[in-house]
Amino acid sequence: MRPFRSVTGRAAVLDRPDVDTDQIVPKQFLKRIERTGYGEFLFYDWAKDPDFELNRPESQGAKILLTGRNFGCGSSREHAPWALQDWGFEAIVAPSFGDIFRTNCVKIGLVPIVLAQERVKELMAAPDELTVDLEAQTVGPYRFEFDAFERHCLLEGLDDIGRALQHDDEIEAFEAAHPPRFATTAL
């Protein structure tokens, strides 16, 4: 995963509460084995409506999504953050998130920012260009809180594998000191 410090860009507005992961990427698209290519299925059913928020010209090329409370509720599918990231979003700003969805976002480098509902509404009123700065912990003029460990991982670009590889020497030393009980090369 690549490090995330800040992003400045167009913000798309999806002013809807309780957007569940089945709306973000419907179940019929969960058969793929790779992590890419889900952007074309983002909000698949809603996108059929020509008036859908993300179909509007001002949403095209947006890097930041401003949305309502409880975004990403529902099932724990990882495909939802994958689709959002594949579409081009680097950060999502909402009053609250589904817990598992939020964790899945952090694990892939998609930055979920929790901001008070009135602040999100203010940002939605003038969404042209916005800066999300994880180092300064600001979205536009507003400060936000962020878990220190998750922030560190995002700033350094460390997913679960990257964090484990930071201990590569220790892992190799442990394995050398604890040989397998049987020959693993025969498997």
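These legends describe close-up views of a predicted model. Residues are numbered from 1 along each chain as its sequence is written, and side-chain values use heavy atoms, with hydrogens and water left out. Local features need pLDDT of at least 70 and side-chain atom pairs count only at pLDDT 80 or more, while totals for chains, interfaces and linings use all residues.

**View A. The largest nonpolar core has 27 residues.** A nonpolar core is a set of buried Ala, Val, Leu, Ile, Met, Phe, Trp, Tyr and Cys residues joined through side-chain atoms within 4.5 Å; buried means under 20% relative accessible area, exposed over 50% and partly exposed in between (1.4 Å probe, protein chains only). Phe43, Phe71 and Leu84 have the most contacts inside this core. At least two core residues come from each of strand S1 (6-14), helix H2 (79-87), strand S3 (91-94) and helix H3 (99-108). H2 gives the largest share, four residues. Helices (H or I, at least four residues) and strands (E, at least two) are DSSP runs, numbered from the N terminus.

**View B. Contacts of leucine 84 (heavy atoms within 4.5 Å).** Leaving aside residues up to four places away in sequence, leucine 84 touches Ile24, Leu42, Phe43, Leu65, Phe71, Phe89, Ile92, Phe101 and Leu110. Another core, of 23 residues, lies apart from the largest one and includes Phe4, Met124, Val132 and Phe144.

**View C. Aromatic pairs.** Rings of Phe, Tyr and Trp (its six-membered ring) pair if their centres lie within 6.5 Å; planes under 30 degrees apart count as stacked, over 60 as edge-to-face and the rest as tilted. The count by this rule is ten aromatic pairs. Phenylalanine 71 and phenylalanine 101 are edge-to-face because their ring centres are 5.5 Å apart and their planes stand at 80°. Phenylalanine 71 is in the loop between strand S2 (64-67) and H2, and phenylalanine 101 is in helix H3, 30 residues apart. Both are buried. The pair of phenylalanine 144 and phenylalanine 146 is also edge-to-face, at 6.2 Å centre to centre and 75° between the planes.

**View D. Arginine 102 in helix H3.** Arginine 102 counts as buried because its relative accessibility is 18%. Not counting residues up to four places away in sequence, arginine 102 touches Phe97, Pro112, Phe146 and Glu150. Of these, Phe146 is buried, with a relative accessible area of 10%.
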